[in-house]
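Grab your viewer and let's work through some ring geometry. Each exercise comes with its solution.

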Amino acid sequence: MHKPAYMHIKLIHLLLFCCPLWFFCCKKQALQKKIIAPACYDFMVADSNTTIPTAPYQEFFYFNTEHKLIKHTAYSGGVIGWSDTFAYDHGHVVKSWMSLGNNSSANYYTRSEYDYTDTLMTASRYYAGANTLIVNSYYTYDDKGRLASYSQHSDNTSLQADQDYTYNLTYDNNDNVTQIADASGTLVATYSNFDDKPNYSYKLPFDYAYDIFSYFNAFSKHNAGTSNSYNSYSHAVTTTNNTYTYANGTVSTINSSAGVFVTVRSLCK
């Protein structure tokens, strides 16, 4: 079955975000699933000049006084593609809503719910509209509180064509994700050549309306210079190399061998 139209937008996004090049290239409490934005950011904009999509791409991130992300809006060619809004409880994001175009969160297209055990997010559910459950996901952690595995189950195969799967994450000594493998041990992606600068998307939820853990680069504390993605059918390997510039110790531009160039602008307290 074909995925709904909005998923085609998401798939374009996925092409960009699977690699650490573009945006999400995706102490113990900092490693736990508190899903908090870097404290510096109160407002952030990412501008992308790339051929996918064909129009210039912008994303706006809005934070509350506790530096928690409360709204994300994506534009392509100056037109709003979708917006995400978030609800928190005891510091955790517990619900999110995706609205297409100029629709508000009161007229949302999808919503997600997130469950916690103590401070760790352990499960989530993703709905079309108010009550049509599409997928549910489960998460495990290592003894340092880092995400160790991510499992997704399709509840509605007419709206979600992906098969059930589990991904396992491996980290280096600096808490950067070095590889992702499926349940059989087959590599999905590898990351290397990390710098010593902070990853501005670290612990920042990205694909809110689908699943908060869809892009794994948000779990690396630093920026990866090289990423390899592995095609499970053809076994082809796609390698992407990234270069970064910095302002005030944070990323200001990302340039990629895949033809993606991103400028990050932020206002900080």
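Rings of Phe, Tyr and Trp (its six-membered ring) pair if their centres lie within 6.5 Å; planes under 30 degrees apart count as stacked, over 60 as edge-to-face and the rest as tilted. This is a predicted model, where local features need pLDDT of at least 70, side-chain atom pairs count only at pLDDT 80 or more, and totals for chains, interfaces and linings use all residues. Residues are numbered from 1 along each chain as its sequence is written, and side-chain values use heavy atoms, with hydrogens and water left out.

**Exercise 1.** Classify the pair Phe60 and Tyr75.

- Searching the whole structure turns up five aromatic pairs.
- Here the ring centres are 5.4 Å apart and the planes sit at 70°, so call it edge-to-face.
- Phe60 is in strand E2 (residues 57–63) and Tyr75 in strand E3 (residues 69–76), so the pair ties together parts 15 residues apart in sequence; strands are DSSP runs of E, at least two residues, numbered from the N terminus.
- Phe60 is buried at 16% relative accessible area, while Tyr75 is partly exposed at 22% (buried is under 20%, exposed over 50%, partly exposed in between, with a 1.4 Å probe and protein chains only).

**Exercise 2.** Do likewise for Tyr150 and Tyr165.

- With centres 5.8 Å apart and planes at 65°, the pair is edge-to-face.
- Tyr150 belongs to strand E9 (residues 147–154) and Tyr165 to strand E10 (residues 165–171).
- Tyr150 is buried at 1%; Tyr165, at 23%, is partly exposed.
- Zoom out: Tyr139, Tyr150, Tyr165 and Tyr167 make up one aromatic cluster.

How values were computed: Helix = DSSP H or I, 4+ residues; strand = E, 2+ residues; numbered from the N terminus.
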